Amino acid sequence: DLFTYEENLIASLMKSYNKIIRPSLKVSGKYKIFLKQIEKLDEQNHIMISSSYIVEMWNDPRLAWDFNMHQNLTKIRLPAQMIWTPDIIILNKADS
């Protein structure tokens with residue numbers, strides 16, 4: 001069953017994986033920001049308060065596998081708490 005294959009693949013990948021160690025190879029990423037809602041707009045003072053969310057995408061080569069050896073599984077989903085995540089800082093230019 002597909003669930004068992006995925007479970008075995010995840011167990012195999014995580015056996016020697018350490019999330020606190022940054023990948024040694026170059027890691028490239030993509031970031032997208034989506035505006036959800038404009039909460040407040042103060043045109044006179046040039047201030048906008050908004051709600052948004054960010055999507056981060058990157059490739060950690062330590063989590064790669066040969067899909068031919070794993071029942072053609074091409075993707076899995078892991079909680080962010082289980083894997084290394086890049087540090088990002090969001091700056092708000094309106095802050096003093």
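Predicted model: local features only at pLDDT ≥ 70, side-chain atom pairs only at ≥ 80, totals over all residues.

User: How many residues does helix α1 have, and what span does it reach?

Analyst: Helices (H or I, at least four residues) and strands (E, at least two) are DSSP runs, numbered from the N terminus. The expected span of a helix is 1.5 Å times one less than its number of residues. Helix α1 covers residues 2-14, which makes 13 residues, and its first and last C-alpha atoms are 18 Å apart, close to the 18 Å expected.

User: Which residues of α1 are buried?

Analyst: Buried means under 20% relative accessible area, exposed over 50%, and partly exposed in between, with a 1.4 Å probe and protein chains only. In α1 the buried residues are L9, I10, L13 and M14. Viewed down the axis of α1, these buried residues fall within an arc of 120 degrees, so they line one face of the helix. The arc is taken over the directions from the helix axis to the C-beta atoms.

User: How is a pocket read, and what lines the largest pocket?

Analyst: Rolling a probe the size of a water molecule over the atoms shows where empty space is left. On a 1 Å grid over the protein atoms alone, a pocket is an open set of points where a 1.4 Å probe fits, with protein on both sides within 12 Å along at least five of seven lines; lining residues have an atom within 4 Å of a point. The largest pocket holds about 540 Å³ of space. It is lined by 17 residues, of which W58, I76, R77, L78 and I83 are the closest to its centre. Strand β2 (residues 47-58) supplies the largest share of the lining, three residues. By type, the lining comprises 10 nonpolar, three polar and four charged residues.

User: Where is a salt bridge found?

Analyst: A salt bridge is a side-chain nitrogen of Lys or Arg within 4 Å of a carboxyl oxygen of Asp or Glu. The whole structure contains one salt bridge. It joins the side chains of D60 and R62, at 2.9 Å from N to O. D60 is buried at 6% relative accessible area, whereas R62 is partly exposed at 29%.

User: Which residue in the loop between β1 and β2 deserves a check of its phi angle?

Analyst: Most residues other than glycine have a negative phi. H46 has a positive phi of about 55 degrees although it is not a glycine. H46 lies in the loop between β1 (29-42) and β2, and is exposed at 72% relative accessibility. Q71 likewise is not a glycine and has a positive phi, of about 50 degrees. Q71 belongs to the segment after β2 and is partly exposed at 46%.

Note on methods
Residues numbered from 1 in each chain as written. Heavy atoms only, no water. Points joined across faces, edges and corners; volume = space filled by probe spheres on them. Nonpolar A, V, L, I, M, F, W, Y, C, P; charged D, E, K, R; others polar.
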